[in-house]
Amino acid sequence: MKLFKGILVMPLLLGALYGCNNNDTKTENDVTGNNSTVDETTKNNNTANNTVNDNEDERTKIKVEDVNYTFTEFDLDVEYANDKSYNIEYENDGNYIYAEHEDEVKGVEYKGDQAYDNFVKALEQLTFDETTSDDDVRNEVMKAFALDENYKTFELEVKFKNGEVKHYHHTK
């Protein structure tokens, strides 16, 4: 009887272990220099990162076909002294545009259309792509958003139209 139970339990355990497998297929390269780091993840097919943003507050009324940036996701976080930060989140999931803008220095927070309206002019100025150097990307973003250069950390994650994801980090 114990042998029969053991034979039944073994496939269940193997199925549970296989289901818990966290085998992401990512290729990452770290490039470090001058206190800057760029992590490149090429063609990330991890479906967990491609989930649909269901937050109705952040969804805009902007038509996806009216937007033509070199990226589909843009997540900016600039940290300043006294734990103040400047955050921009933009996502085009192919169906909707999502936007969020938080500026702790000025004490404002916007979501959806109001957030997008606040930073659309800056996004329109951005021309970098996945081949642009990290310093040029940082300088272009800082200029487009008219941000104070006296930051502590600069973090930017961008998902380009081709699916490539890049992380830009700079600490002063």
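**Aromatic rings in a predicted model**

In this predicted model, ring pairs join Y69, F71, F74, Y86, Y90, Y116, F119, F128, F145 and F160 into a cluster.

Me: Happy to look at that with you. How many aromatic pairs does the rule give?
Reply: The count comes to twelve aromatic pairs.

Me: Why is the pair of Y69 and Y90 called edge-to-face?
Reply: The ring centres of Y69 and Y90 are 5.4 Å apart, and a pair needs centres within 6.5 Å. Their planes stand at 80°, and over 60 degrees counts as edge-to-face, so the pair of Y69 and Y90 is edge-to-face.

Me: Nice. What parts does the pair of Y69 and Y90 tie together?
Reply: Y69 lies in the loop between strand 2 (36-41) and strand 3 (71-80), and Y90 in strand 4 (residues 84-92), so the pair ties together parts that are 21 residues apart in sequence.

Me: Are Y69 and Y90 buried or exposed?
Reply: Buried means under 20% relative accessible area. Y69 has 9%, so Y69 is buried; Y90 has 3%, so Y90 is buried as well.

Me: Why is the pair of F74 and F145 called stacked?
Reply: The centres of the F74 and F145 rings are 5.8 Å apart and their planes are at 25°. Planes under 30 degrees apart count as stacked, so that is the name for the pair of F74 and F145.

Me: And where do F74 and F145 lie?
Reply: F74 is in strand 3 and F145 in the loop between helix 3 (134-144) and strand 7 (153-160), so the pair ties together parts 71 residues apart in sequence. Both F74 and F145 are buried.

Conventions: Residues are numbered from 1 along each chain as its sequence is written. This is a predicted model: local features need pLDDT of at least 70, side-chain atom pairs count only at pLDDT 80 or more; totals for chains, interfaces and linings use all residues. Side-chain values use heavy atoms; hydrogens and water are left out. Rings of Phe, Tyr and Trp (its six-membered ring) pair if their centres lie within 6.5 Å; planes under 30 degrees apart count as stacked, over 60 as edge-to-face and the rest as tilted. Helices (H or I, at least four residues) and strands (E, at least two) are DSSP runs, numbered from the N terminus. Buried means under 20% relative accessible area, exposed over 50%, partly exposed in between (1.4 Å probe, protein chains only).
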